[in-house]
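Morning, everyone. Please have the viewer open, and we'll walk through this one together.

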Amino acid sequence: MRPVAKRRKAAATAAVAAALFLAAVPSASHAAGPGGSKGGSASGGQDGQNITATTKIQVSTPGSPGSARTGTLSADDGNWTPPACWYEPAFSPKEIEARVKAIDGLPLVGDMFAGILNAYYKDGTPYKDYNLDKQGQGMFWASVVNPKRKDDPAATSCDKLPFWVANGATPSEPLAVSPQVLAGYAYDELRLPDTTITMKPGDRSTVNLPTWTWLDKSTFKPVSVTASIPNSGLSATTTATPVSLKLDAGTADARLHPASGVCAIAADGSIGAPFSPDKANQTPPCGVTYLRATTGSGPHKLRATVTWKVEWRSSTGQDGALPNGTFGTSQDVTVQEIQSINR
């Protein structure tokens, strides 16, 4: 293609994108609903030369998420991230027609934009009369950007203009919304409980005496999120299950229990074990022994990080695994010395 022709094609694409953007009527809503659900309706948008829509994906969690669920997962696999963009059903033929007609009266640029859009959606290249004769038989699928990944370079990968997909048909487009896309979207929406651990003795340890640590087994249960496209029957549920707790003493002057610092989750869901006086001479199954006092240096930052195994299952019967994820928090620990008097 000659350079002039390339420039004309690029200009036409940009004009189409701008025209649909100007004609769009926002209608998105992401307010949380009963039972911990939220979602929205598609609205038009533009990003560079891309015509986009606001996602219609709805997410729900069993019951109420609860105020204690504060964290999001960081994937252990640094090469994997939840999807940054995809294509999903966005506009009916009447909506495409309305957006084109809405710009006819715009000053200066209205006629030019309308002409370009009509050529694309009305005059047969590639669609005729906005596919109005197919109203109710399908949708124009448009590019959607994950709002949490809008700064990800991959968010620009969905650069096609809205394309027609008949009801019940599976688009050949590899970036079209799918169970895997929904599962990855749900991964981003998982909310995990705080990992503040219980310690004995409290937040003040003693040099060379083990500090027992544990987590409430009633808090650390599997967490699920379901992502779905309304009126499509397509959904995926992503579930994170806690598998281990890793301790970081916050100083090299400490011994971890076990030595790896990784405390396994017991069959009953507990992590570590509560301290009781009869265990005073025992080594804790999960804990830390500090070897130096913090006098003059300030408290240590004891970090507790839980690893979560992540799996998904979709309404189509497909299932699979996603990368394990971690979420952790830190808390201050002051270490004191035992004072004694020599006679």
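Let's start at the largest pocket. β9 and β10 each give at least two residues to its lining. A caution before going on: this is a predicted model. The volume of that largest pocket comes out at about 650 Å³. Its lining counts 25 residues. Which of them lie nearest the centre? They are P89, W141, I229, N231 and S232. By class, the lining splits into 14 nonpolar, nine polar and two charged residues.

Two of those central names take us to the next stop. I229 and N231 both lie nearest the pocket centre, and strand β15 covers residues 223-229. Is β15 largely enclosed or left open? Six of its seven residues are buried, so the rest of the structure largely encloses β15.

Now the partners of β15. On one side of the list is β5, residues 58-60. β5 and β15 run antiparallel, joined by three bridges. Within that pairing, Q58 sits opposite S228. The other partner is β16, residues 234-248. Here seven bridges make the join, again antiparallel. Look for V225, which stands opposite T238 of β16. β15 and β16 form a hairpin with four residues between the strands. In that hairpin, N231 takes a positive phi near 65 degrees. Recall that N231 is also one of the residues nearest the centre of the largest pocket.

On to the covalent links. How many disulfides does the structure hold? Two. One is C85 to C158, with the sulfur atoms 2.2 Å apart. The angle about its S-S bond is 85 degrees, and the link of C85 and C158 is right-handed. This pair links distant parts of the chain. C85 is in strand β8, residues 85-91. C158 is in the loop between β9 and β10, and the two cysteines are 73 residues apart. Both C85 and C158 are buried.

The other disulfide joins C263 to C286, S to S 2.1 Å. The C263 and C286 link is right-handed too, with 85 degrees about the S-S bond. It also links distant parts of the chain, 23 residues apart. C263 lies in β18, residues 262-264. C286 lies in the loop between β19 and β20. C263 is buried, and C286 is buried as well. Counting bonded cysteines along the chain, the pattern is 1-2, 3-4.

Next, the aromatics. A pair of rings is described by the distance of the centres and the angle of the planes. Across the whole structure, the search finds 11 aromatic pairs. Take Y121 and Y127. Their ring centres are 5.8 Å apart and their planes meet at 5 degrees, so this pair is stacked. Both tyrosines, Y121 and Y127, are buried. Now set W212 and F275 beside them. Here the centres are 5.7 Å apart and the planes are at 70 degrees, so this pair is edge-to-face. W212 is in strand β14, residues 211-215, while F275 is in the loop between β19 and β20, so the contact ties together parts 63 residues apart in sequence.

How is that second pair placed, buried or exposed? W212 has 2% relative accessibility, so it counts as buried. F275 has a relative accessible area of 27%, so F275 is partly exposed; the cut-off for buried is under 20%. There is also an aromatic cluster: Y120, Y121, Y127, F140 and W164. So Y121 and Y127, the stacked pair, are members of that cluster.

One more tryptophan. W308 is in strand β21, residues 300-314. Its relative accessibility is 0%, so W308 counts as buried. W308 and D76 are 232 residues apart along the chain, yet their C-alpha atoms are separated by 9.7 Å.

Last stop: helix α4, residues 179-189. How many of its 11 residues are buried? 10 of them, so α4 is largely enclosed by the rest of the structure. Among the buried ones are P179, V181, L182, Y185 and Y187. The charged residues D188 and E189 are on that buried list as well.

That's the tour. Questions, please.

Terms used. Residues numbered from 1 in each chain as written. Predicted model: local features only at pLDDT ≥ 70, side-chain atom pairs only at ≥ 80, totals over all residues. Heavy atoms only, no water. Buried < 20%, exposed > 50% of the residue type's maximum accessible area, 1.4 Å probe, protein only. Pairing = 2+ DSSP bridges. Disulfide = S-S within 2.5 Å. 1 Å grid on protein atoms, 1.4 Å probe; cavity = no way out; pocket = protein on both sides within 12 Å on 5 of 7 lines; lining within 4 Å. Points joined across faces, edges and corners; volume = space filled by probe spheres on them. Phe/Tyr/Trp six-rings, centres within 6.5 Å; stacked < 30°, edge-to-face > 60°.
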